[in-house]
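Here's a quick briefing on aromatic contacts and strand pairing. Have a look at the model first, then read on.

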Amino acid sequence: MTKIQWLARMIVVAVTCGVMVSFIGPLAAQDNERQPIHEGAVGDLSWSSDSQFVSFFDAFGANPSVHLDELSVRSWQKYDPVTGILTASKTWPQQPMLTDDEQDFFRPTDLPDGSTTYIFESPNKHHLVYCSPIQASPSLLILGNRAGMELLGLDDVINNPFIGPHSFRVIWSADSSAFVTIDERQPAVLRYVTNFDTWLRSTQVTRLHKRDFRAWDVFDLSDDGNLVLVLGDTVEIRQQLMVVNPLNLSENIVLQTPDASEITAAIFAPDNANQILFVSEQGLGLYDMESQRVSILDSSITAELGVPIAFSPDGRWLAYQSLEGLFVIPMSDYLEE
């Protein structure tokens, strides 16, 4: 995307936001009270699985289809919201540092063209998820156990795993007991993986693309890994925000949020399992599952036109793009502690 295209798109966002403010009411916070951590457009905006930092690259002039190790066209950045330190990186900041023995065993750099795979590390640092040519296919999904030096092919081929987390994502539960993977195919191929903590051969993989249920996007896992927050379809319902029990789809909870197809980011609220934080075209919102009430917390933070936006996995931070640049804000600005 050129700089002119980006500015044109962001002007549309600004005009739209202005219209929505007139209907929704006063803002909870103003961007002019905050300072951006980065000026300009960003790509591959995502948080580390332990919520310690957010990473991105400068989108101006970057080729979004490049592999992880084609460094010359990407300028990676890593931001720690607690210290406020922004650090440049020569590669994806979330890529774990492997020992020589781990490199030899897991072989994440053995792709046919010599490039390196993205590796998604669990919050407790014990497990790795990546794609590798160790098996027959160079895009076979692999689960690795660092402590036991084990690996397991999960019998799933990922559509396009080597060009970044915008096309292939792994979301971990806070306790590292489960994860979900999703790739760019639509409807998305959503896999729920659990029961791997003591022995990889006991791993259970559940594929959520049944005839009576489709997932279009996945947003979050509950802290204990038992529930998944998705944008999904059922036979009766079209694209609704849903809380899914992947091992028993009959227990799905359909959330009565308006225009759920407009939601591009959502997460279980910190310290309250009955609340969902989300960002839609209407703004940053909070949904209470008990009252089924939707509250717009800030109508200036919207999900217009694919502008990058991401909650930290613990729900305590929000990174979002605006005309002024990239902001990272604490959700304590809006939530009671």
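Rings of Phe, Tyr and Trp (its six-membered ring) count as a pair if their centres lie within 6.5 Å; planes under 30 degrees apart are stacked, over 60 edge-to-face, and the rest tilted. This is a predicted model, where local features need pLDDT of at least 70 and side-chain atom pairs pLDDT 80 or more, while totals for chains, interfaces and linings use all residues. Residues are numbered from 1 along each chain as its sequence is written, and side-chain values use heavy atoms, leaving out hydrogens and water.

**Aromatic pairs**
- Searching the whole structure turns up 10 aromatic pairs.
- F105 and F106 are edge-to-face, because their planes sit at 80°, with ring centres 5.1 Å apart.
- F106 is buried (under 20% relative accessible area; exposed is over 50%, partly exposed in between, with a 1.4 Å probe and protein chains only), at 1%, whereas F105 is partly exposed at 30%.
- F179 and F196 make a tilted pair, 5.7 Å centre to centre with 50° between the planes.
- Both F179 and F196 are buried.
- W92, Y118, F120 and F168 are linked into a cluster by ring pairs.

**Strand β19**
- Strands here are DSSP runs (E, at least two residues), numbered from the N terminus, and two of them pair if DSSP finds at least two bridges between them.
- In β19 (residues 283–288), six of six residues are buried.
- β18 (residues 275–280) runs antiparallel to β19, joined by six bridges, and F278 stands opposite G285.
- β20 (residues 293–298) is also antiparallel to β19, with five bridges; here D288 partners R293.

Conventions. Helix = DSSP H or I, 4+ residues; strand = E, 2+ residues; numbered from the N terminus.
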